[in-house]
Amino acid sequence: MTNSGPLPHVYETVIHMLVTAAQDHPDQVAITCGDVHLTYLEYLNSVEQLAHKLLGLGSKGERVALIMENSIDMAIAMFSVHAGGAQVVPINPLYTAREATYILKDSMPVATIYHRSVGELIETLPNTGTKVVSGGTTFLKRSTNTDREPRTIIPIAEDLATLQYTGGTTGYPKGVNLSHAQVSINISQREAILPTKNQSETIVCVMPLFHVFAVSMCLHLACYCRSRLVILPRYHPKELCDALQREKITILPAGPTIFAGLLDFEEFEEADLEHLSKCYSGSAPLPEETLRQWQSITGCFILEGYGQTEAGPVLTYNPETGIKKSGSVGVPLRGTEVEIVDIADYTKILPPGKTGEIRARGPQIMSGYRNLPEETASTIRDGWLYTGDIGEFDEDGYLYIRDRKKDMAIVGGYNVFPREIDEVLYTHPMIAEAATIGIPDTYYGEVTKAWVALKPGMTCSEQELITFCSNNLAKYKVPTAIVITTALPKTTIGKIDKKALRT
């Protein structure tokens with residue numbers, strides 16, 4: 001399926017987008033976080049101040065890592081790295097030293113900007129480059145400069161903008177290279193199917209800004225429509241419910257677990273949400289029952305979309321105007337081709353109603369994986385991104401996700417590759433065999449569960465192994481249960497049979 005047609009204005013880079021917003025609407029409030037507000041002119045001044053510092057550290061053409069919590073500083077730092085001519089490398093601040101170390105070794109940043117809450121972790125990490133500490137609003141500059149002309153715009157469309165690490169089937173994350181052109185055009189593709197009102201929106205960002213969903217559907221979306229972004233440091237149903245009312249939020253982008261969590265919050269049904277007009281879901285499948293309950297209580301339809309980091313990240317969405325289908329992730333964005341191909345023969349394109357692998361082609365598709373030419377070649381073939389997801393189109397051209405080809409779980413919106421958990425378990429001195437799978441969960445969508453066989457004569461408890469995993473994996477990756485058994489099921493050729501574990 002192909003969606004053709006003109007796009008709304010496409011900026012050369014997101015820095016050009018921010019500069020234009022500051023030039024046209026300097027006094028418009030750009031960001032709110034707690035009691036702190038800054039205008040678009042203050043936003044740009046703050047970005048340029050930090051960008052000049054990064055340039056002095058040799059950022060141009062290099063990479064700068066961010067290990068930060070949601071804050072005004074995080075928003076400023078994202079744009080500043082781009083303005084400093086560098087590729088931004090967002091890292092989850094909840095990562096353990098083992099997880100963060102691999103990314104830092106692979107990306108080799110010239111600098112790492114981090115929030116002081118993770119300072120203890122930072123001191124244990126190698127290859128961080130120059131360390132730049134943030135306190136939450138450290139980079140906010142209340143400059144009296146009213147010159148709306150940018151002092152520095154370093155990037156051009158062809159420059160690499162983002163190096164976003166995503167889980168890997170080998171147990172190690174893969175760094176996805178996205179250029180400024182790929183990021184910027186995806187913003188306009190999103191705008192074409194989910195149009196916003198200039199200077200009239202108030203968008204809440206409760207999703208973590210180290211994740212591509214929050215950057216695309218919150219940070220960049222707000223700047224594109226020159227509207228206000230309300231940043232919440234973390235998700236809590238009461239805090240989000242209060243913010244939706246207090247800040248008169250018009251757009252709520254969130255993962256399914258957040259929508260489900262609000263529905264379970266006892267005060268939500270009485271909340272005043274008259275200003276809320278648009279809800280966007282992504283990063284994980286949205287249960288139809290969640291959508292039905294949400295619409296019944298709020299009167300607002302949740303528009304579900306689909307994409308992945310390698311796709312810039314958005315590929316499809318249910319349109320704001322026109323037919324909306326529950327259970328579907330919508331239609332391809334403009335300029336995007338999406339096809340269903342036979343799993344065994346990718347040259348065979350399947351018709352509507354037939355299930356196969358989803359492949360996509362468009363200007364937002366990644367440049368490739370960092371330092372992984374073979375992985376890149378197997379994922380992008382003849383210009384097509386092979387997503388590893390299984391789906392089908394209906395007769396109207398709406399896409400439905402049916403399964404995943406890859407061995408991956410989506411836990412609360414986060415991609416978790418069981419192989420990484422297996423690799424950690426195998427480092428335990430008492431474990432002979434390990435296998436992890438994703439299992440259904442009513443709240444998180446999926447959680448992980450592991451099976452292990454101990455070495456002869458060894459004894460160990462489930463809690464000891466869970467604690468071991470907790471010391472080496474981010475919380476959402478840690479198995480909710482670990483079954484200790486004498487031997488794991490095997491296939492006829494001697495491989496651990498994960499399919500048998502699922503039955």
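Colleague: How are R292 and E289 separated in helix 10?
Modeller: R292 and E289 are about one helical turn apart, because three residues separate them in helix 10. Helices (H or I, at least four residues) and strands (E, at least two) are DSSP runs, numbered from the N terminus. This is a predicted model, where local features need pLDDT of at least 70 and side-chain atom pairs pLDDT 80 or more, while totals for chains, interfaces and linings use all residues. Residues are numbered from 1 along each chain as its sequence is written, and side-chain values use heavy atoms, with hydrogens and water left out.

Colleague: What do the side chains of R292 and E289 do?
Modeller: They meet in a salt bridge at 2.5 Å, N to O (a Lys or Arg side-chain nitrogen within 4 Å of an Asp or Glu carboxyl oxygen).

Colleague: How many salt bridges does the structure hold?
Modeller: The structure holds 23. One of them joins E247 and R228 at 2.9 Å, N to O. That pair links distant parts of the chain, 19 residues apart: E247 is in the loop between helix 8 (237–246) and strand 12 (251–254), and R228 is in strand 11 (residues 228–231). Both E247 and R228 are buried. There is also a salt-bridge network of R98, E99, E420 and K477.

Colleague: Switching to rings. How many aromatic pairs are there?
Modeller: Eleven, a pair being Phe, Tyr or Trp rings (the six-membered one for Trp) with centres within 6.5 Å; planes under 30 degrees apart are stacked, over 60 edge-to-face, and the rest tilted. Among them is F259 with W294, edge-to-face at 4.9 Å centre to centre and 80° between the planes.

Colleague: Which parts does that pair tie together?
Modeller: F259 is in helix 9 (residues 256–264) and W294 in helix 10 (residues 288–298), so the pair ties together parts 35 residues apart in sequence. F259 is buried at 0% relative accessibility, and W294 is buried with a relative accessible area of 0%. Elsewhere, Y40, Y43 and F79 form one aromatic cluster.

Definitions and conventions:
Buried < 20%, exposed > 50% of the residue type's maximum accessible area, 1.4 Å probe, protein only.
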